[in-house]
Amino acid sequence: MINAIASYQFMQNALWGAVLASILTGIIGAIIVEKKWLMLSSGIAHSSFGGIGLGYMLGFEPIYGAFLFTTVAAMLVPTIDRKSDTGSENLTAMLWSFGMALGILFIAFTPGYPPDMNSYLFGNILTISKANLNVMILVTTLVLGVLLSFYNIWKAYLFDGEFTFIMGIKTLWMDYVLYFLIAISIVALIKLVGIILIMALLTIPPSISRFYARSFSRLILSSMGLGLLFSLMGLVVSYYYSIPSGASIILISVLAYGLALVAKKIIARR
Amino acid sequence: MKIIEVSHVSVSYGRVKALEDVSFTIEKGAFLSIIGPNGGGKTTLIKVLLGLIKPREGSLKIHSDKPVGYVPQFNSFERRFPITVCRVVLMGSLSGKNPLFHRYGQADKDRAHELMALLGIEALHDRQISQLSGGQMQKVLIARALMTDPDVLILDEPTSSIDAESRTEIYGILNKLKGEKTIILISHDLGSVSSYIDAIACLNVSLEFHEDGKITESSVNHIYGCPVDLIAHGVPHRVFPEHPLGGHSHD
């Protein structure tokens, strides 16, 4: 495998992709697990299907369509939520299915062979291009920059948004910034790992890290580390056994969660 | 000197009236308790005072240039958040004017330790908040609210889920702060209204204000909609004057 990494560009790209994906999912994952915005993130991710379909139908890069749809969904849910009593969960589910329905509709209108939508669901880390990596670097830098420049305030906002508002901090803006960052992170990750694997990488590493992390920064760092570990192990398994990389990364992550849970119970009993 | 002036405030959610024509003023340094049944609009009134809800009608004035110190209920924040006691207290010093890459200064840290000492939780400063008891958590929230040295302190049901000993301690702390700070304490529990307070307001959509801190049985019955049997355990918590001899004695 080491030889393969040294001699094949696609293996190097896959490796860099795994590193960048772990950094990004570590940060965003820790935030959405604390905020309990999993449903929302999943809805935003799936609504991207509409944009991908639109791209195929009109013949532009599908990922731009995905960017459009996720951003609009991320802005719409909280806006409608404040103006109605439907509830954000219901709105999310609505946009989720609406986005996917549009995607299927657009693909049906696309002339010629239907495109392979599977790669957007599960991604393929082995087909990442240099351009994909550049987008990842851009988004990761943006997310890190926004988080670090107001780190204490973000932490207070995540811990107790109401109190933070009373202190005179514009938390409504923070809501929208955070929704936007989640949307663009998901788009940046779609090509790499696919929508399903995004959800796994966003939730499993922070869920394990919560067992022992004693501060929010350690929660993020530990999630990044675990995400990278699972991704690399998944790649190795995928390389040697010729199984899809997305599936192997998810299986290893869930297995690790199970082991961590058992280990925690044993430690607690002693 | 008046510090809070609420005049003719009404709030409704759809067709449901949460507050109707609520007016009252609070003197600087006073200790006011707002009591009333669940669903009586106590939380709504707090949200109006904190600026979280804009009232449909009426106006509100708080004569203070500092944010209100707020001690929320436990369900309003993330109890399992990975953070230590000291860091939570420090959060009370944040403001919208913090520079980029803000870090807590030595003055903030000294102030946090001073407050933790005042509240008797200094030994817990490095403890995860998820490991705290209800009473300890409540003191952490009070310390956080005091970080900016606010003129007004609002506590939402601070004694609802804690043991009797912590309850007495917290009333003791509030009694120390009384005079220096204007304190508003919300409670649905008549029994926890202590003898420290200067005024009581009974809130059930409309508000009845009792300047002298004493409420009559008839006003309680009016607010709660039915006769309420008040049991005052321990003398400091007595709400009504002693019952005449021969009546039921619950103490």
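Q: Which salt bridge does B:Glu27 form, and with what N to O distance?
A: Side chains of opposite charge can pair when their charged atoms come close. In this predicted model, the side chain of B:Glu27 meets that of B:Lys2 in a salt bridge at 2.7 Å, N to O. B:Glu27 lies in strand 2 of chain B and B:Lys2 in strand 1 of chain B, so the pair ties together parts that are 25 residues apart in sequence. B:Glu27 counts as partly exposed at 32% relative accessibility, and B:Lys2 counts as partly exposed at 36%.

Q: Which residues are linked with B:Glu180 in a network of salt bridges?
A: The network joins B:Asp149, B:Glu180 and B:Lys181. Between B:Glu180 and B:Lys181 the closest N and O atoms are 3.4 Å apart. B:Glu180 is exposed, with a relative accessible area of 53%, whereas B:Lys181 is buried at 3%.

Q: How many of the residues of strand 3 of chain B are buried?
A: In a regular strand the side chains alternate between the two faces of the sheet. Here B:Phe31, B:Ser33 and B:Ile35 are buried on one side, and B:Leu32 and B:Ile34 are buried on the other. Five of the five residues of strand 3 of chain B are buried, so this strand is largely enclosed by the rest of the structure.

Q: In what sense does strand 3 of chain B pair with strand 7 of chain B?
A: These two strands pair in the parallel sense over five bridges, and B:Ile34 has B:Ile186 as its bridge partner in strand 7 of chain B. Strand 3 of chain B also pairs in the parallel sense with strand 8 of chain B, over four bridges; there the bridge partner of B:Ile35 is B:Cys202.

Methods: Residues are numbered from 1 along each chain as its sequence is written. Chains are lettered from A and ligands numbered from 1 in the order in which they are written. This is a predicted model: local features need pLDDT of at least 70, side-chain atom pairs count only at pLDDT 80 or more; totals for chains, interfaces and linings use all residues. Side-chain values use heavy atoms; hydrogens and water are left out. Buried means under 20% relative accessible area, exposed over 50%, partly exposed in between (1.4 Å probe, protein chains only). Two strands pair if DSSP finds at least two bridges between them. A salt bridge is a side-chain nitrogen of Lys or Arg within 4 Å of a carboxyl oxygen of Asp or Glu.
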